[in-house]
Amino acid sequence: MVTGGCGMVGAFVCRGLLSNGYEPVVVDTRTDRLLVTDIAQHCAFDAADVRDLPRLLEIAKAHKVDAIIHLAGLVGPDVERHPWSSIQINLLGTVTVLECARLAGIARVSFPSSKMVYVPVPERHRHPTYDPVPEDIALSPQKLYAKLKRTNEDLASHYASTYGLDVVALRFGSAFAPGKAGRFSITNPVMSMIEAAAAGTPYQVETGGDQCDDLCYSGESANGFLAVLGSAPRHGHFRVYNISHGELVSLRQMAETLQDMIPGWRVEIGPGLDYRNYGLGAYFRMSLKKASEEIGYRPKFDFRLAAADYIETQRRLNKSRSNR
Ligand SMILES: NC(=O)c1ccc[n+]([C@@H]2O[C@H](COP(=O)([O-])OP(=O)(O)OC[C@H]3O[C@@H](n4cnc5c(N)ncnc54)[C@H](O)[C@@H]3O)[C@@H](O)[C@H]2O)c1
C-alpha cells in the first residue's frame, strides 16, 4: 500500500516498485492521475483518506497488503499556513496507518521523515566544513513540519517496539522534483533554475552561489524505500536512515552543470550563502554510513543525472497536461 501515491514522491515510488516486481496499491484523496499517467494502468487505486481507519483496513484486506509506504501528507508552506489540518493529516494520518498495520498484521511500514528534523544543525556541520550529519545527533526541530516528522518518529518507535512492527523512517536531504514547481519554486532556486534551463529562459540569482547542500531527487527517495523493502525486516524495531545524493554541490556548480547540459543557456549566480533564505543551519551534508551498512543503500543520482531526469519528466508532465 502506498498512501499519497498520486503525489510527487509517490509517483517515483510507484514507478520504482513496479520496476522491481511489487504491486502498488495507491491510497490517495487525489483523484487525478497527472503525475502517474505512465504507470496508472499497472497500479490499483483507492480514493480514500488516510485518516479513515476502517477504509484502510478494508483496502489492506482486499489487496492482501504486506507492506505500507506512507507518503500521504501536507507539505511546503501549507503546513505553517494550516496548522490544524497539518496536524490532523500529518500526525493523525501516520498514527492511523500504524494502527492499520497493527490491526491488519502488516509488519512492514516505512515513511518519509525529513532533513528538517536536524535544522538548525550545529556550526561544525555548516559551511565551510560541512561535517556529515549522522542520524544520532541531538534534535531540536523548529518548524511545525519538522516537529510533526519528529513526533511521527517517536510514535512509530512506540508502535514498533510495543506491537512488534518493523518501522523505518527515511530522513531525506533537500528534496526537488518535477510536479512541485508553482507550489515551491519561489523559495527554491534549485527547481526554478532547472525549469528555466529546460525552457531556455535566462536565469539570475543575486546571492547564494557559494552555498553547498546535499540534495535528494525524488527518484533517490524511491531508491531509499526500495533499499528498505529489499533488506531483512527487523520486527519490533524502529529504524531511521538518512537518504540523499551524498554529494555536496553549490548553487553555482548546479548552474554550471545545467549550462553544460544546455549549451547557450544564460545564467548568472551571485556569490554568498543561504539561497533559500532558511538560515545557514539548513544546508549540510548527510552521513549515509548507517543506511549503507544496514540496508545496503547506495545513492543512484547525482545532480547531473537528477536534472536530466527532472527535465525529461517535466516535459512528459507538460505533454500530459496539454493533452487533457
Ligand atoms: N518532496 C519533499 O520536499 C519531501 C521531502 C522530504 C519528505 N517528504 C515527504 O514525502 C511525502 C510526500 O510528499 P510529496 O512531496 O510527494 O507531496 P505531494 O503533495 O506531492 O503528495 C502528497 C500526496 O498525499 C495525498 N494526501 C494528502 N492528504 C491526504 C489524506 N488525508 N489522505 C490520503 N491522501 C492524502 C495528496 O493528495 C498527494 O497526492 C510527505 O510525507 C512529505 O513530507 C517530501
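## Close-up views of a predicted model

View 1. At 11% relative accessibility, Y159 counts as buried. The cut-off for buried is under 20%. Y163, at 39%, counts as partly exposed. The structure shown is a predicted model. Both tyrosines belong to helix α5, four residues apart, which is about one turn of the helix.

**View 2. Aromatic rings pair up.** A pair of aromatic rings is described by the distance of the centres and the angle of the planes. The count comes to nine aromatic pairs. Y118 is buried, with a relative accessible area of 2%. F284 is buried too, at 1%. The pair of Y159 and Y163 is tilted: 5.2 Å centre to centre, with 55 degrees between the planes.

**View 3. Six aromatic residues form one cluster.** Its members are F12, F176, Y217, F301, F303 and Y310.

**View 4. Strand β4 is covered on both faces.** In a regular strand the side chains alternate between the two faces of the sheet. Strand β4 spans residues 67-70. A67 and I69 are buried on one side. I68 and H70 are buried on the other.

**View 5. Strand β4 pairs with β1 and β5.** Strand β1 (residues 2-3) pairs with β4 in the parallel sense, over two bridges. Here T3 stands opposite H70 of β4. β4 and β5 also run parallel, joined by three bridges. Here I69 stands opposite S110 of β5.

View 6. Which ligand atom lies 2.5 Å from a polar side-chain atom of Y145? An oxygen atom does. A polar side-chain atom of K149 lies 2.8 Å from an oxygen atom of the ligand. V50 uses its backbone: one of its polar backbone atoms is 2.9 Å from a ligand nitrogen atom. On its own, the ligand has 830 Å² of accessible area, and the protein covers 90% of that.

Technical notes:
Residues numbered from 1 in each chain as written. Predicted model: local features only at pLDDT ≥ 70, side-chain atom pairs only at ≥ 80, totals over all residues. Heavy atoms only, no water. Polar contact = N/O pair within 3.5 Å; in protein donor to acceptor, adjacent residues only side chain to side chain. Areas by Shrake-Rupley, 256 points an atom, 1.4 Å probe, with all protein chains shown as cover. Buried < 20%, exposed > 50% of the residue type's maximum accessible area, 1.4 Å probe, protein only. Pairing = 2+ DSSP bridges. Phe/Tyr/Trp six-rings, centres within 6.5 Å; stacked < 30°, edge-to-face > 60°.
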